[in-house]
Amino acid sequence: MIRTFLGIFGLYIAAGAAAYGVAAVLRAKGEEETGRTELALAAPVSRGRWLAGPLTIALLGTATVQVTGALALWLGAVSTGYDELALGEYLELGLVYLPALAVLVALAAALHAWVPRATGLAWAMVGYVFVVGMFADLFDLPAWSRRISPFWWVGSPALGDVEPARLWGLAGVAVVLLLLAFAGFRRRDVPTL
């Protein structure tokens with residue numbers, strides 16, 4: 001029962017980290033809309049280098065939110081006297097979601113690079129992974145709809161149901177999406193004011 005509860009809280013933490021990651025990536029869209037991107041690119045800064053800045057902040061910030069949330073969960077458990085699970089198990093709960101979170105951040109970047117008007121789909125995906133993670137059994141969603149969520153591929157870390165091959169697969173998808181983001185941003189025009 002406690003491990004199931006821990007898994008649910010792990011999903012809450014991951015959903016919060018995903019929301020941060022998407023918001024951080026889409027800040028680049030705001031920079032474009034205000035004209036600051038055009039000014040930065042007028043200097044000797046390549047498009048790839050410029051895009052790497054917000055992406056680095058988004059990925060590192062997302063990882064920080066995720067791991068900090070897992071540590072906060074551990075501190076909460078320890079402060080109530082619950083010490084059945086070791087710190088390493090809480091850290092694992094924080095770390096195993098990182099490839100899935102990278103997929104969501106990279107998806108937001110790719111959408112921003114190729115179809116800036118469709119960046120709302122990144123937010124829709126954050127909502128979708130949360131709903132699927134929390135209510136898939138309640139709504140009796142079909143297996144194919146669960147597999148759309150990157151979190152589904154992580155498994156249940158609190159119950160020891162994590163396959164490393166799936167995590168590597170998610171990391172590969174994130175890399176492909178990031179490469180697409182850089183290629184897309186390099187080819188399109190940056191709007192001017």
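Helices here are DSSP runs of H or I with at least four residues, strands are runs of E with at least two, and both are numbered from the N terminus. With that in place, the elements of this protein read α-α-α-α-α-α-α-α-α from the N terminus on, that is, nine helices and zero strands.

Before I go further, please keep in mind that this is a predicted model, in which local features need pLDDT of at least 70 and side-chain atom pairs count only at pLDDT 80 or more, while totals for chains, interfaces and linings use all residues. Residues are numbered from 1 along each chain as its sequence is written, and side-chain values use heavy atoms, with hydrogens and water left out.

Let me begin with burial, where buried means under 20% relative accessible area, exposed means over 50%, and partly exposed covers what lies in between, with a 1.4 Å probe and protein chains only. Of the 193 residues in the protein, 41% are buried.

Now to helix H1, which spans residues 2-33 and contains Phe5. Phe5 counts as partly exposed because its relative accessibility is 48%. Together with Ile8, Phe9 and Tyr12, Phe5 forms a nonpolar patch on the surface, and the four share about 370 Å² of accessible area. For such a patch, residues must have over 30% relative accessible area and no salt bridge, and nonpolar side chains (Val, Leu, Ile, Met, Phe, Trp, Tyr) are joined within 5 Å, whereas like charges are joined within 9 Å. The areas themselves come from the Shrake-Rupley method with a 1.4 Å probe, and for residues only the protein chains shown count as cover.

Ala28 is also in helix H1, and Ala28 is buried because its relative accessible area is 3%. Leu59, in helix H3 (residues 47-79), is partly exposed because its relative accessibility is 29%. The C-alpha atoms of Leu59 and Val22 are 9.5 Å apart, for a separation of 37 residues along the chain.

Next, the largest pocket. A pocket is found on a 1 Å grid over the protein atoms alone, as an open set of points with protein on both sides within 12 Å along at least five of seven lines, and its lining residues have an atom within 4 Å of a point. The largest pocket has a volume of about 620 Å³, where grid points are joined across faces, edges and corners and the volume is the space filled by probe spheres set on the points. Its lining has 22 residues, and Leu11, Gly133, Asp137, Gly155 and Ser156 lie nearest the centre. Which helix gives the most to this lining? H1 does, with five residues, while H1, helix H6 (120-135) and helix H8 (150-154) each supply at least two.

In one, the side chains of Arg146 and Asp137 meet at 2.8 Å, N to O; Arg146 counts as buried because its relative accessibility is 17%, whereas Asp137, at 63%, counts as exposed. In the other, Arg166 pairs with Glu163, the closest N and O atoms being 4.0 Å apart. Arg166 is partly exposed at 27%, and Glu163 is partly exposed at 41%.

Finally, a backbone detail: Asp140, in the loop between H6 and helix H7 (143-147), has a positive phi of about 50° although it is not a glycine. Asp140 counts as exposed, since its relative accessibility is 63%.

Note on methods. On a 1 Å grid over the protein atoms alone, a cavity is a set of points where a 1.4 Å probe fits but cannot get out, and a pocket is an open set with protein on both sides within 12 Å along at least five of seven lines; lining residues have an atom within 4 Å of a point.
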